[in-house]
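Here's a quick briefing to read with the sequence and the 3D view open. Have a look at the model, then work through the notes below.

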Amino acid sequence: MTILNSEDFMLRKDDCRTAMDQWSLHLSNYPELEKLIPTNYIFEIGDGHLDWMRKNSGYEEFCVAMGIYDNQVIIILVPMDEKGHRKDLDEFPCSLLCPLENDLKLQEIQEYTVVKNALLSKDLQNIDKNALMTFPIASKPVLEQDKALDAIEKWRNEGMDWFYKECTDYKGSRIFTRFYVPTADLCLSNMGLKKIVCSFGLRYNDVYGRMLVTLVFISFLENLQNTGSSALTEANTYDWAKPCPPVCRIPGFDF
């Protein structure tokens with residue numbers, strides 16, 4: 001039996017299909033969306049679901065499908081096979097939209113290396129010296145912290161305005177039904193990873209010329225620190241998720 005007082009649970013394939021259909025049915029109904037989606041709520045993905053995704057993901061991207069189950073908004077984590085098609089499994093991991101229990105810390109650590117050079121002549125005279133700074137190179141997909149904060153704050157402050165416009169002007173036809181996320185964002189190899197908090201974000205897309213909703217994944221590590229590289233950026237925020245619509249490029253998803 002599915003227990004919905006937990007952040008994480010597994011849902012059978014047929015129930016996932018029904019939940020996704022319920023989400024689609026609500027997309028033109030702004031008052032219902034306003035009740036279902038407080039813009040200060042998030043999804044938490046625990047280590048059990050993270051382990052499951054590591055074992056089942058075989059593609060560079062995976063899908064996060066939106067659903068409504070037992071009158072609550074959920075996300076459904078859907079892994080892809082090596083050809084980019086949905087894996088045909090009996091059940092899929094889900095997480096509830098829920099309030100944060102504690103403050104949410106975003107952290108970014110940057111390390112710089114200064115290389116000092118000196119040149120001595122044959123008779124030991126100092127003929128040249130300089131200092132070079134090596135700027136950080138991302139060691140994993142990194143979403144700059146300021147951009148992440150801006151996207152999350154825009155969602156919190158303007159998310160309902162975005163829904164209202166989409167519902168009234170476009171009857172919900174442009175509202176996201178799923179997201180495509182780089183697998184590296186969720187299937188991290190870091191042994192200190194305990195959970196991931198997933199927040200909606202709102203940012204302007206130059207290609208489509210409008211504001212689009214995205215997902216921001218924030219990892220909770222036991223120790224967020226450098227790995228010994230001479231120049232790197234370490235952070236607990238990751239790449240932008242691509243919403244569908246309008247970005248619906250991965251085939252073979254339908255349940």
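Predicted model: local features only at pLDDT ≥ 70, side-chain atom pairs only at ≥ 80, totals over all residues.

Residues are numbered from 1 along each chain as its sequence is written, and side-chain values use heavy atoms, with hydrogens and water left out.

**Cysteines**

- The structure has 1 disulfide, a term used for a pair of cysteine sulfur atoms within 2.5 Å.
- Cys-244 and Cys-248 are the partners, with an S to S distance of 1.8 Å.
- Their link is right-handed, with 105° about the S-S bond.
- Cys-244 is buried at 4% relative accessibility, while Cys-248 is partly exposed at 38%. Here, buried means under 20% relative accessible area, exposed means over 50%, and partly exposed is in between (1.4 Å probe, protein chains only).
- What about Cys-16? Its closest cysteine sulfur is in Cys-94, and at 4.6 Å that is too far for a bond.
- Cys-16 is buried at 0% relative accessibility, and Cys-167 is buried too, at 4%.

- Helices (H or I, at least four residues) and strands (E, at least two) are DSSP runs, numbered from the N terminus.
- Arg-178, Tyr-180 and Pro-182 point one way from strand 10, and Phe-179 and Val-181 point the other way.
- Strand 3 (residues 61-69) runs antiparallel to strand 10, joined by 5 bridges; strands count as paired if DSSP finds at least two bridges between them.
- On the strand 14 (residues 242-244) side, strand 10 has an antiparallel pairing over 3 bridges.
- Tyr-180 of strand 10 stands opposite Cys-63 and also opposite Lys-242 in strand 14.

**Helix 1**

- Helix 1 (residues 13-26) has 14 residues and reaches 20 Å from its first C-alpha to its last, close to the 20 Å expected at 1.5 Å a residue. The expected span is 1.5 Å times one less than the number of residues.
- Its buried residues are Cys-16, Ala-19, Met-20, Trp-23 and His-26.
- They cover an arc of only 125° around the axis, so they sit on the same side of helix 1. The arc is taken from the directions from the helix axis to the C-beta atoms.

**Cavity**

- There is 1 cavity of 30 Å³ or more. A cavity is a set of points on a 1 Å grid over the protein atoms alone where a 1.4 Å probe fits but cannot get out, and lining residues have an atom within 4 Å of a point.
- The largest cavity holds about 40 Å³ of space, a volume being the space filled by probe spheres set on the points, with grid points joined across faces, edges and corners.
- Among its lining residues are Trp-162, Arg-174, Phe-176, Pro-243, Pro-245 and Pro-246.
- Strand 12 (residues 210-221) gives the most to that lining, with 3 residues.

- A cis peptide bond joins Cys-244 and Pro-245, with omega about -10°.
- Another cis peptide bond joins Pro-245 and Pro-246, with omega about 10°.
- Asp-70 has a positive phi of about 55° without being a glycine, and is exposed at 52% relative accessibility.
- Lys-171 is not a glycine but has a positive phi of about 55°. Lys-171 lies in the loop between helix 4 (145-170) and strand 10.

Technical notes: 1 Å grid on protein atoms, 1.4 Å probe; cavity = no way out; pocket = protein on both sides within 12 Å on 5 of 7 lines; lining within 4 Å.
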